[in-house]
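I begin with a helix and then widen the view.

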Amino acid sequence: MPCVGDWLNSPLSIVQGIFAQNAPNSDWEKKVTEYFKEKLKENNATNWVPSLNDVPVHYLKPNSLVKFRCMVQDMFDPEFYMGVYETVDPNTNARVLHFGKYRDVAECGPQQEIDLNSPQTVTSERQTFYCVPVPGESAWVKEISFLTDASQARVSPSTSYTPSRHKRSYEEDEDMDLHPSKQKEQHVGKSCLQILCFSGSGGDIHGCVEPKRLETEASAGHHVISPNCSPPLDLNFPLPGEKGPACLVKIYESWESFKVNDVLEVFGVLSVDPVLSIVNSEERDSSSLDPMECMDTVEEQRVHSPPASLVPRIHVILAQKLQHINPLLPACLNEEESKTCEFVSNFMSELSPVRAELLGFLTHALLGDSLAAEYLILHLISTVYGRRDVLPLGKFTVNLSGCPRSSAFTEHLYRLIQQLVPASYHLRMSIESMNHSRFIPHKDYTANRLVSGLLQLASNTSLVIDETQLEQGQLDTAGVHNVTALGNLITWQKVDYDFNYHRMEFPCNINVLITSEGRSLLPSDCQVHLQPQIIPPNMEEYMSSLLTAVLPSVLNKFRIYLSLLRLLDYSISDEVTKAVEEDFVEMRKNNPESVTADDLHKMLLVARFLSLSAGQTTLSRERWLRAKQLEALRKARLQQQQCVNGNEL
């Protein structure tokens, strides 16, 4: 009988037990899912599961249960595998039925062979996602997630793993990696392992190899030098300087409900069998000798079958799409659970003082400008809540003009925003970055993969675009395409991915804040001209002192506030709708030339986010009047600045 910790340490033994009791009935697969779903509901058990976001791969036990918080960067073609297969002992003719689900290699005991012609063989299909850590994920998200998991791990069954082999010298390890044939020679297997999956066009089942444990960790950068591969392996992170593992996530059920750029949390079996690297190396060698034997190019094989020590596989038992990645909030706020409702109601009861403190904090960050701080709060809680035809509803891109150029103001402001939101990126606009950066993801048909770009971001990422350092210069063709892509992102909340022969629209939900001296070159929903009340002699020292002065508990309340309010529903009653319409008609009568339908749309947006910022999910007369007041102040400031600087604004 399996012990209590076996579902963590040896999930395949649990699957084996359920399979043995229920096979060949197909219900065994459903029972496996239900078993782990119930286990993960027990007493915060999800925090017991080691996370690939926190723990290096070589510290995790192979074939143990792990979790991974990630974004789907690419979707590979579905692959076929032996879901159920039969082994036979040639001497005794004894037959044993095995499951192939949640595995990369098929196991058979000593003196046993897989009967490929057995009528019991079941060929199944699974989908492979190439997943990366959430682009631009804030350091505080990683830290809090790690501390939460670590605190639970102290009372959970041990999931640590120490490779049980004698240490070899670096030179020996290097020699093994460069000559995998030596690896096979040094191991006398207790069991025969065979690759389970094969391509849709058919393929041979590969020979038996006994794997060894590789203790190599993926590099923190984009490129990793992998065994038998030249040039280096590109982990295809959308943003430069990203750290963390990339994984091949194999989904067995309901994969059609997930799509590219979705943020997922997956629980599954970790597979790091180096036998995968060995066989794939042999495939590349053989296909280079006879190209007709394999339809895949060498480059495609490298990308789709990278070394497991660098890009581990996760065979998913459970997966869920995440509404958010804020570890301070419950994972799913749609479920009507008492604990979730209690959390929300308790926080909403203290919302007013939190908003007041956040407004004060942002006012200081914006050099004493309380009006700009109001609009920044509205921007940070905005989100695309729906689409009417091609028009995204709820986007609220703010252009903060009048920003100081010489003091690196935007850099320091971004660092403060980074401490408040779960994911963000600072895009410094310059002629060089526009001309040489890759903004738009494109399809590489040689490697059969989607090559990432800077604009391949997860939903609700905060994108801060800094125009204050922009100099005069000439944009080349790539630069024009990049600027156009930014404009489409802001206006339509979509990015047109380049598939060479056509472009495909990928809708997104990115909060864009533009800082500039004058009016931005890019479109925006709202321009707020900054009016600093104080000019600190040392901007870096001033901004750093703001963060130091905020208690960690207060900072966490700011983080909960901004994430929670994005998830609230909002509505306008018929009575208030009628009152707003009548008010707008009066405004048009008094000033027909300056009040347009666009102004009404903007005021309704401001009123929406003002209401939500106060924890109100319906529009009141008071909030509508406050929205009109804010818009009047903002417009008056722009008019005043225009009189000073001519037509600059």
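Entry: I am working on a predicted model. I looked up helix H12, residues 409–418. H12 is mostly covered, with 8 of its 10 residues buried. I noted the buried ones by name: Phe 409, Thr 410, Glu 411, His 412, Leu 413, Tyr 414, Leu 416 and Ile 417.

**Entry: the chain as a whole.** The protein chain has 649 residues, and 51% of them are buried. I counted in 19 helices and 24 strands. For contacts I took residues at least 6 apart in sequence; 76% of those contacts join residues at least 24 apart.

**Entry: a helix pair.** I wanted the geometry of H10 against H11. Two packed helices are described by the angle between their axes and the distance between the axes. H10 covers residues 351–365 and H11 covers residues 370–380. Their angle is about 120°, and their axes lie 8 Å apart. The range for roughly perpendicular ends at 115 degrees and roughly antiparallel starts over 145, so I logged H10 and H11 as oblique to each other. The crossing of H10 past H11 is right-handed.

Which residues meet between H10 and H11? From H10 I listed Arg 355, Leu 358, Leu 359, Leu 362 and Thr 363. From H11 I listed Ser 370, Ala 373, Glu 374, Leu 376, Ile 377 and Leu 380. By type, this contact holds 7 nonpolar, 2 polar and 2 charged residues.

**Entry: Thr 383.** I moved on to the loop between H11 and strand S14 (386–388), where Thr 383 lies. Is Thr 383 buried or exposed? Its relative accessibility is 13%. The cut-off for buried is under 20%, so Thr 383 counts as buried. I checked its side chain next. A polar contact of 2.8 Å links the side chain of Thr 383 to that of Asn 509. Leaving out residues up to four places away in sequence, Thr 383 touches Leu 393, Gly 394, Lys 395, Asn 460, Asn 509, Arg 566 and Phe 609.

**Entry: Pro 392.** Pro 392 and Trp 492 are 100 residues apart along the chain, yet their C-alpha atoms are separated by 6.2 Å. With residues up to four places away in sequence set aside, Pro 392 touches Val 384, Gly 386, Arg 387, Thr 491, Trp 492 and Gln 493.

Methods: Residues are numbered from 1 along each chain as its sequence is written. This is a predicted model: local features need pLDDT of at least 70, side-chain atom pairs count only at pLDDT 80 or more; totals for chains, interfaces and linings use all residues. Side-chain values use heavy atoms; hydrogens and water are left out. Axes are lines fitted to C-alpha atoms, for helices over the stretch in contact, and angles run from 0 to 180 degrees between N-to-C directions. Helices (H or I, at least four residues) and strands (E, at least two) are DSSP runs, numbered from the N terminus. Angles under 35 degrees count as roughly parallel, over 145 as roughly antiparallel, 65 to 115 as roughly perpendicular and the rest as oblique. A crossing is left-handed if the near helix is turned anticlockwise from the far one by less than a right angle, and right-handed if clockwise. Contact means heavy atoms within 4.5 Å. Ala, Val, Leu, Ile, Met, Phe, Trp, Tyr, Cys and Pro count as nonpolar, Asp, Glu, Lys and Arg as charged, and the others, Gly among them, as polar. Buried means under 20% relative accessible area, exposed over 50%, partly exposed in between (1.4 Å probe, protein chains only). A polar contact is a pair of N or O atoms within 3.5 Å; within protein, one must be able to donate a hydrogen and the other to accept it, and residues adjacent in sequence count only if both atoms are side-chain atoms.
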